[in-house]
Amino acid sequence: MTGQHLYSALLFLYPKPFRTHFGPEMLRLYQDCYPECNGVRFWIETVRDLATSIPREWHHEFCREDSSIDYTGLADAVMCSIVVGTLLLGWGMLGACVALRMEVPKAGVLFELVTIATAVLVGIIAKYAAARSGVIDTTCSPLISYERTTVRFSR
Amino acid sequence: MKKQAASKTEQKTPEEFLPLTPAVFHILVALGDGESHGYAIMQDVLAKTGGSVRLSAGTLYGAVSRLLEDGLIEELEERPDPERDDTRRRYYRLSNLGGRVLHEESNRLTELVRTARATRAIRKLRTV
């Protein structure tokens, strides 16, 4: 991967409206600036710049009245991360205990956590499967506005 | 973005934008001499500050984005000729409001410098 590809990939960390408007010009700026700078120094400055400007642009995007952030997708992504994280930790811990022939600590709590996470994951998959097949018409996350989900029963 | 700029322009007076951040002030100064694109602005700031201020891409375009929204600068509709320049470049120029804001900020800074020079500490250094 060349430096330009890496820089281009890093630009994806900016909010979409900002990236769409300024991304091509920032890439052009990279092409202009890179030959002038020492490689290592350039990347140190770039990382420092990204670390400050990306949170600032996201904050600005969240505060904008006409923000184009997909809150439903964001909520789903956070929910999926929590569920998958819990499952990985739970199964990982169980697997490690079995492999090392250790007693599972707080087995009851762990079992409940894994069961709840699995149930939520099944719920999410079922929601997307239903939405895809046209059984339900939803543009919202089941977490943030369940009541807005309209169920269409096919005859 | 242009609609937003227009509505904000109607609401705000030049004094309400003050004080400007150093990056914004340098960008407005760079555009004070005419239209320019991002890389030229960066080079101009570097040259005018004797190499002490180097605007990075994120800071530059973050500030440009805010200036466009506030209506202090405008983006030129026409793109450069593909044979002469890269079409990805966008050119910016100072708006009337941007010019007045730059004028007000320059006056404010001049006043600050005058006040600082009148202090005893600086007068003492001058006489030495």
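In this model, 15 residues of chain A are in contact with 13 residues of chain B, where contact means C-beta atoms, placed from the backbone, within 7 Å. This is a predicted model: local features need pLDDT of at least 70, side-chain atom pairs count only at pLDDT 80 or more, and totals for chains, interfaces and linings use all residues. Residues are numbered from 1 along each chain as its sequence is written, while chains are lettered from A and ligands numbered from 1 in the order in which they are written.

On the chain A side, α2 (16-33) and α3 (39-63) each give two or more residues. Helices here are DSSP runs of H or I, at least four residues, and strands are runs of E, at least two, numbered from the N terminus. The largest share, eight residues, comes from α2(A).

Now to chain B and its helices. α2 (residues 22-31) and α4 (residues 57-70) pack at an angle of about 75°, with axes 10 Å apart. Axes are lines fitted to C-alpha atoms over the stretch in contact, and angles run from 0 to 180 degrees between N-to-C directions. α2(B) and α4(B) are therefore roughly perpendicular, a term for angles of 65 to 115 degrees. α2(B) contributes Ala23(B), Val24(B) and Ile27(B), and α4(B) contributes Thr59(B), Ala63(B), Val64(B) and Leu67(B).

Last, the strands. β1 (residues 36-37) of chain B is joined to β3(B) by two bridges, running antiparallel; strands pair if DSSP finds at least two bridges between them. His37(B) has Tyr91(B) as its bridge partner in β3(B). β2 (residues 73-75) of chain B also pairs with β3(B) in the antiparallel sense, over three bridges, and there Glu74(B) is partnered by Arg93(B).

Technical notes:
Contact = placed C-beta atoms within 7 Å. Parallel < 35°, antiparallel > 145°, perpendicular 65-115°, else oblique.
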